[in-house]
Amino acid sequence: MDTTTQPPRTLVDSRGSSCPGPITDLSMAYRRSTVGDVIELWATDPGVKSDARAWSQKTGNPILSLDERADGTIVVIIEIKRR
Amino acid sequence: MRQRIVVLGGGTGGTMLANSLDRRRFETTLVTASTTHLFQPGLLYVAFKNAGTPLVRDERGLLARHVHLVHDTVTSVDLTHQLVETAGGSRLAYDRLVVATGIQTDPSGIPGLADVVGRVGDYHSTVSQARLLWQSLDRFRGGTIALGQTTPICKCPPSPIEGILLADELLRRRGLRERSRLVFFTPYPRPYPAEPMNHVVEPILKERGIEVATFFDVDRIDPESFTLTSIEGDVIECDLPILVPPFTGAPIAYEPAGVLDESRFVRTDPRTLRVRGTGTAFAIGDATSLPTSKSGVGAHLEAQVVARTLRGSPATFAGRTHCPFDLAHGRGTFVAGTYDAPVVPSPPSRLKHVMKATFARLYWLSLRGTLDPALDLYFRLTDPARPRWRGLRGPHPGT
Ligand SMILES: Cc1cc2nc3c(=O)[nH]c(=O)nc-3n(C[C@H](O)[C@H](O)[C@H](O)COP(=O)(O)OP(=O)(O)OC[C@H]3O[C@@H](n4cnc5c(N)ncnc54)[C@H](O)[C@@H]3O)c2cc1C
């Protein structure tokens, strides 16, 4: 049995929403988060890449990965270290 | 047999929709909590210009005679059994439901906020709150004004910037600008959330000497010292905080409860405007979770889409926004976009300022649908998805 405890992961689905939708959703999720949470943001607006990087730098919450899937979905995984 | 339509909320969207359904095919009931209808964009001018134009009219007088009006507060909606319940004990069954209950300010989630807006006023809730804000501005004799939205969701996204620009204009007119510091804070990475429009707005803030604090999500406010602290850990100290409180959907219990998101917005299909998971309920306007600006224009266009679908020709919403934007000193612009054609930057002009003022004067008529042919033509001509329009504007700066 796998006894590893995964940090709670919040999926934020902003696909189809154009700028500033994804960063709005990320900010709202951050507001509801606590230290140790992981936020997984899905977006289709390319502006999310620079916005998420700037947000991460400002808030001190690292981006664990930022990938673009074949279907065009940009997936940003962020660890909440500071609140 | 006539279809029983129940519309919840007698604001911009609900009133327009109810008026557009004819009596031969529909038996329309509109349930609304307030006996009066508030023209919300006017709150900006009460707060920053002490405007005296009446902003409130009796809802009955705005509705077509055949619309049955129920003055009551909706407390629960059972989407499975197609039943609405009110605080006054009414139970209304429907064939089709349209939720148009808007959103309301809710300062309770931010420590210190209720106290501050209670003393200073605000321009996103009521006429008396907007008057209180005017009194606070009228007493201001210099120092720091900090203005911004406390959380990322804002009714009428241009309204925070409009507020700081009108505050700047007022201080200049009164000869107080030299003695004042204006700080605009925002939870976003840039002053105007949508990047293409920010290319128009940011230089104007700079030119008028307005400081900008980005990524500032208000966490708490000290109501004694007027110190604002953000979740990100930054601090703004000021003499007059002008704050846009967080917004929440109406306190209605839905069955199934899952149709509401975390902000109590009704989960709505962005194109068909059907409440997610239902075949008989629609939602329009601010009450929805649509990924578009919360605006009266949006509520208007969504009401038209739902009316067409109810009449039997299924229509879809393209996500159109068209927000007039007051840049103060007699200049204005518009923010227009759709789901597929993101916001197009529009150069400021005096004409656009006049157009904003004209739209305001036409609001009451537009609720009756009288202006629909002219407005439809206007929205078609200014559709950002039209190739001619995009060609005129050129590519988005920064893309
Ligand atoms: C300062 C400011 C400036 C603005 N400027 C513009 C602008 O320039 N252009 C623009 O397009 N938009 C503007 N807006 C936004 C616009 O006013 C709103 O987006 C619009 O009113 C939304 O319409 P609605 O029908 O969704 O909701 P509303 O008009 O808010 O109506 C909601 C209705 O539901 C009723 N209700 C709520 N809860 C219940 C309940 N439980 N039971 C029964 N009834 C209920 C309320 O009493 C109300 O009548 C501005 C708003 C503000 C505050």
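**Entry 1. Basis of the notes**

I record that this is a predicted model, in which local features need pLDDT of at least 70 and side-chain atom pairs count only at pLDDT 80 or more, while totals for chains, interfaces and linings use all residues. Residues are numbered from 1 along each chain as its sequence is written, chains are lettered from A and ligands numbered from 1 in the order in which they are written, and side-chain values use heavy atoms, with hydrogens and water left out.

**Entry 2. Backbone of chain B**

I returned to N50(B) for its backbone angle. Its phi is near 55°, a positive value in a residue other than glycine. I then looked up the peptide bond from E255(B) to P256(B), which is cis, with omega near 0°. P256(B) lies in the loop between β19 (253–255) and β20 (281–283) of chain B. For context, most residues other than glycine have a negative phi, and most peptide bonds are trans.

**Entry 3. Domains of chain B**

I noted three domains in chain B: domain 1 (3–104 + 248–310), domain 2 (107–246) and domain 3 (322–392). These bounds come from an automatic or database domain assignment. The C-alpha centres of domain 1 and domain 2 of chain B lie 29 Å apart. Their contact (heavy atoms within 4.5 Å) takes 20 residues from domain 1 of chain B and 25 residues from domain 2 of chain B.

I next looked up the buried area, meaning the accessible area (1.4 Å probe) that two parts lose on being put together, summed over both. Domain 1 and domain 2 of chain B bury about 1700 Å² between them, with 70% of it on carbon and sulfur atoms. Within domain 1 of chain B, the residues that lose the most area to domain 2 of chain B are L43(B), L44(B) and F48(B), together 37% of what that side buries.

Two salt bridges are counted between domain 1 and domain 2 of chain B; the term requires a side-chain nitrogen of Lys or Arg within 4 Å of a carboxyl oxygen of Asp or Glu. I also found that E169(B) and K49(B) meet through their side chains in a salt bridge (3.8 Å, N to O). On the side of domain 1 of chain B that touches domain 2 of chain B, α2 (43–49) and β10 (103–105) of chain B each supply at least two residues. The largest share of that side, seven residues, comes from α2(B).

**Entry 4. Chain B against chain A**

I found 23 residues of chain B in contact with 17 residues of chain A. The area buried between the two chains is about 1800 Å², of which carbon and sulfur atoms give 59%. F215(B), I231(B) and E232(B) supply 32% of the area that chain B buries against chain A, more than any other three residues.

How many salt bridges lie across the interface of chain B and chain A? The rule finds four. I looked up R83(A), which forms a salt bridge with D219(B), the closest N and O atoms being 3.8 Å apart. R31(A) forms a salt bridge with D217(B), with the closest N and O atoms 3.9 Å apart. That pair joins two chains, because R31(A) lies in helix α1 (residues 21–32) of chain A and D217(B) in the loop between β13 (211–213) and β14 (218–222) of chain B. Side chains of opposite charge can pair when their charged atoms come close. A search of the whole structure finds 21 salt bridges over all chains.

**Entry 5. The ligand**

I listed the residues around the ligand, taking a residue as near if one of its heavy atoms lies within 4 Å of it. Of the 32 residues around the ligand, G13(B), Q40(B), V74(B), D286(B) and G296(B) come nearest. A polar backbone atom of G13(B) is 2.8 Å from an oxygen atom of the ligand. For T12(B), a polar side-chain atom lies 3.1 Å from an oxygen atom of the ligand.

Methods. Helix = DSSP H or I, 4+ residues; strand = E, 2+ residues; numbered from the N terminus. Polar contact = N/O pair within 3.5 Å; in protein donor to acceptor, adjacent residues only side chain to side chain.
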